[in-house]
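Dear colleague,

I am pleased to hand over the structure shown below. Please read the notes that follow with the sequence and the model open beside them.

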Amino acid sequence: TITTQGDLLYRDGSGLQRLAKPSSNKILQNTSGGVLSYIDAPSGKVKQVVVASNTSGVTSSTHDMAQGNGAYAVGNVGTSHISVSVTPQSSSSKFIMSASAPMGVAGNGQGYCGLFVDNVCRSVISANGYSADGGGMTITGYYNNANTNAKTVQFRVLGSYGGYEATLGTRRASGSARATTADGQYGNMTILEVE
């Protein structure tokens with residue numbers, strides 16, 4: 001029954017059967033009826049990794065992020081600091097997004113930045129500024145994908161509470177001229193598509 005090196009011998013409903021070795025990398029599958037076969041190995045959880053950066057300078061917004069006593073929904077506001085088009089490899093995947101940049105905030109304000117997919121805010125974070133100073137902004141976000149259409153993913157500076165200038169790519173508000181790079185990058189973004 002077994003004729004070639006690498007063959008497997010198994011018993012199905014009618015007796016002993018030969019399962020020939022595969023010609024390439026495969027894994028063994030056992031069906032509910034006890035029939036063995038070789039199938040392609042799964043491609044893994046990570047479908048793709050997309051990285052992008054801003055190499056052109058600072059990005060500012062003076063949008064007023066003030067809110068009342070209730071919940072505040074972040075709309076399609078702000079200015080894109082980093083933008084990239086991502087075509088999903090799967091219609092049931094998820095995007096795990098992260099971005100970071102120095103950020104200056106004018107007027108002792110509270111500055112905001114966000115991650116957007118197709119102009120919808122998926123994550124937002126804020127940081128306090130003092131007399132145009134700021135700090136580093138690092139943000140993560142999640143997007144549940146439903147098709148393989150290209151998506152525009154953006155890391156945006158949204159503005160500040162009170163409408164003061166908030167600026168990504170600098171450690172002070174842009175008027176204070178403290179643009180800050182890491183090897184010529186004023187911020188970066190990483191997108192993982194996972195299954």
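I begin with Y161. Leaving aside neighbours within four places in sequence, Y161 is in contact (heavy atoms within 4.5 Å) with D64, M65, A66, Q67, G109, Q110 and Y112. This tyrosine is found in the loop between β12 and β13; helices (H or I, at least four residues) and strands (E, at least two) are DSSP runs, numbered from the N terminus. At 43% relative accessibility, Y161 counts as partly exposed, where buried means under 20% relative accessible area, exposed over 50%, and partly exposed in between, with a 1.4 Å probe and protein chains only. Y161 and T62 are 99 residues apart in sequence, and their C-alpha atoms are 9.2 Å apart in space.

The model is predicted, and local features need pLDDT of at least 70, side-chain atom pairs count only at pLDDT 80 or more, and totals for chains, interfaces and linings use all residues. Residues are numbered from 1 along each chain as its sequence is written, and side-chain values use heavy atoms, with hydrogens and water left out.

The nonpolar cores

A nonpolar core is a set of buried Ala, Val, Leu, Ile, Met, Phe, Trp, Tyr and Cys residues joined through side-chain atoms within 4.5 Å. The largest one has 25 residues, of which V84, M97, V153, F155, L168, M189 and I191 touch the most other members. Two or more residues of this core are given by each of β5 (46–53), β7 (79–86), β8 (94–105), β9 (110–117), β11 (134–144), β12 (151–160), β13 (166–168) and β14 (188–194). The largest share, 6 residues, comes from β8. Apart from this core lies another, of 6 residues, among them M65, V77, Y112 and F116.

Which residues does L168 touch, leaving aside its neighbours within four places in sequence? L168 is in contact with V58, T59, H81, A101, P102, M103, C113, M137, F155, R156 and V157.

Strand pairing

Two strands pair if DSSP finds at least two bridges between them. β5 and β14 run antiparallel and are joined by 7 bridges; within this pairing, V50 has I191 of β14 as its bridge partner.

Rings

A pair of aromatic rings is described by the distance of the centres and the angle of the planes. Rings of Phe, Tyr and Trp (its six-membered ring) pair if their centres lie within 6.5 Å; planes under 30 degrees apart count as stacked, over 60 as edge-to-face and the rest as tilted. By this rule the count is 1 aromatic pair. F95 and Y143 form this tilted pair, with 5.6 Å from centre to centre and 50° between the planes. The pair links distant parts of the chain, as F95 is in strand β8 and Y143 in strand β11, 48 residues apart. Both F95 and Y143 are buried.

A charge sits over a ring if NZ of Lys or CZ of Arg is within 6 Å of the ring centre and within 35 degrees of the ring normal. R156 lies over the face of F116, at 3.9 Å from the ring centre.

Two buried polar residues

T59 is in strand β6 (residues 59–61) and is buried, with a relative accessible area of 9%. Its side chain makes a polar contact of 2.7 Å with the side chain of H81. A polar contact is a pair of N or O atoms within 3.5 Å; within protein, one must be able to donate a hydrogen and the other to accept it, and residues adjacent in sequence count only if both atoms are side-chain atoms.

N145 is placed in the loop between β11 and β12 and is buried, at 4% relative accessible area. A polar atom of the N145 side chain lies 2.7 Å from the backbone oxygen of N147.

Other loop residues

D118 lies in the loop between β9 and β10 (120–128). Its phi is near 50°, a positive value in a residue other than glycine, and at 37% relative accessibility D118 counts as partly exposed. D183, in the loop between β13 and β14, has a positive phi of about 55° although it is not a glycine; D183 is exposed, at 78%.

With kind regards
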